[in-house]
Amino acid sequence: MQEYIGIPLDEGQLAEDVMLLLLLGLFLTFSVVFRTNINLFYKMIKDIWQVKERQNLFENISGNEFFYDNFMTFQTLFLSAVSLFSIARLSGFLTYTDLSVAATGFLLIFLLVYLLYAFKKISYRVLGFTFAGKEKFRLWKTNYHAIMRTFGITLYIPVCLMVFIDNQYLLPVILFVFLYFLCRFVILYKSIGIFLNKKHGFFYINLYLCGLEILLLALLYQASIYLYNFIEASAIWH
């Protein structure tokens with residue numbers, strides 16, 4: 001009698017399991033960070049609606065702010081990369097046959113997301129110091145980071161749907177796109193409220209839209225096409 005050894009685990013399944021473990025580890029880390037820095041979390045939510053240029057100097061906020069800020073930013077970038085990677089995989093633009101190929105593809109996407117974030121951060125600083133006062137720019141930067149880090153938390157919903165539901169990926173993709181544009185709309189709305197009352201405010205808003213939103217979306221699209229062509233031309237991806 002032949003012994004049943006089960007269904008063999010292929011490399012694709014192994015890559016999905018590794019992605020699931022990474023997401024689980026990230027979520028558990030977020031749970032610990034949230035629990036130990038809950039006051040910073042509440043402050044982040046308040047900063048989204050902040051309209052005062054000066055905060056309360058007597059406000060007592062406990063927690064490791066440096067670690068919290070960097071982790072929340074990393075979480076947003078990581079989940080954004082996972083979303084783009086999952087969308088490319090589920091739509092057929094990106095396939096993998098083993099774990100190393102999947103890891104290389106994800107790292108390339110994460111690097112692209114990080115470079116776009118770094119470019120925008122530098123551009124914001126240059127435009128902010130050129131067309132806005134120090135207090136105005138500080139207020140806008142606080143609002144921006146609060147909105148982006150909150151956006152990162154909401155990405156757990158579409159990301160988990162993409163990872164766990166392979167055959168019904170249209171809904172999480174629509175949800176991801178909706179959350180992204182909602183995030184940009186809130187940033188634009190706050191930017192108008194902060195800068196439009198200044199002499200060069202309207203010019204600054206137009207620079208923000210044309211130079212840091214529309215242009216970067218075009219660059220992201222071109223980079224995605226280049227990455228796809230590179231994968232198709234490379235023998236290790238087949």
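Helices (H or I, at least four residues) and strands (E, at least two) are DSSP runs, numbered from the N terminus. The model is predicted, and so local features need pLDDT of at least 70, side-chain atom pairs count only at pLDDT 80 or more, and totals for chains, interfaces and linings use all residues. Residues are numbered from 1 along each chain as its sequence is written, and side-chain values use heavy atoms, with hydrogens and water left out.

**Exercise 1. Describe how H3 packs against H5, and state which residues make the contact.**

Step 1. Two packed helices are described by the angle between their axes and the distance between the axes. Helix H3 (residues 65-90) and helix H5 (residues 134-154) meet at an angle of about 50 degrees, and their axes lie 8 Å apart; axes here are lines fitted to C-alpha atoms, for helices over the stretch in contact, and angles run from 0 to 180 degrees between N-to-C directions.

Step 2. This angle makes H3 oblique to H5, given that angles under 35 degrees count as roughly parallel, over 145 as roughly antiparallel, 65 to 115 as roughly perpendicular and the rest as oblique. The crossing of the two helices, H3 and H5, is left-handed, a word used if the near helix is turned anticlockwise from the far one by less than a right angle, with right-handed used if clockwise.

Step 3. On the H3 side the contact (heavy atoms within 4.5 Å) is made by Asp-69, Met-72, Thr-73, Gln-75, Thr-76, Leu-79 and Ser-80, and on the H5 side by Met-148, Arg-149, Phe-151, Gly-152 and Ile-153. Sorted by class, the residues of this contact between H3 and H5 are 5 nonpolar, 5 polar and 2 charged, where Ala, Val, Leu, Ile, Met, Phe, Trp, Tyr, Cys and Pro count as nonpolar, Asp, Glu, Lys and Arg as charged, and the others, Gly among them, as polar.

**Exercise 2. Work out how H2 crosses H3, and which residues meet there.**

Step 1. The axes of H2 and H3 come within 10 Å and cross at roughly 60 degrees, which makes H2 oblique to H3. H2 passes H3 in a right-handed crossing.

Step 2. From H2, the residues Leu-40, Phe-41 and Met-44 meet Glu-65, Tyr-68 and Met-72 of H3. The contact of H2 with H3 has 5 nonpolar, no polar and 1 charged residues.

**Exercise 3. Find how many cavities of 30 Å³ or more the whole structure holds, and describe what lines them.**

Step 1. A search of the whole structure finds 2 cavities of 30 Å³ or more. On a 1 Å grid over the protein atoms alone, a cavity is a set of points where a 1.4 Å probe fits but cannot get out, a pocket is an open set with protein on both sides within 12 Å along at least five of seven lines, and lining residues have an atom within 4 Å of a point.

Step 2. The largest cavity holds about 70 Å³ of space, and its lining consists of Lys-121, Tyr-124, Arg-125, Phe-137, Trp-140, Lys-141, Tyr-144 and His-145. A volume is the space filled by probe spheres set on the grid points, which are joined across faces, edges and corners. H5 gives the most to the lining of the largest cavity, with 5 residues.

Step 3. The second largest cavity has a volume of about 50 Å³, and the residues that line this cavity are Thr-73, Thr-76, Leu-77, Tyr-117, His-145, Met-148 and Arg-149. H3 and H5 are the elements that give two or more residues to the lining of the second largest cavity.

**Exercise 4. Determine which helix supplies the largest share of the lining of the second largest pocket.**

Step 1. The volume of the second largest pocket is about 520 Å³. Of the 21 residues that line this pocket, the closest to its centre are Asp-69, Asn-70, Thr-73, His-145 and Arg-149.

Step 2. Helix H2 (38-48), H3, H4 and H5 are the elements that give two or more residues to the lining of the second largest pocket. The largest share, 7 residues, comes from H3.
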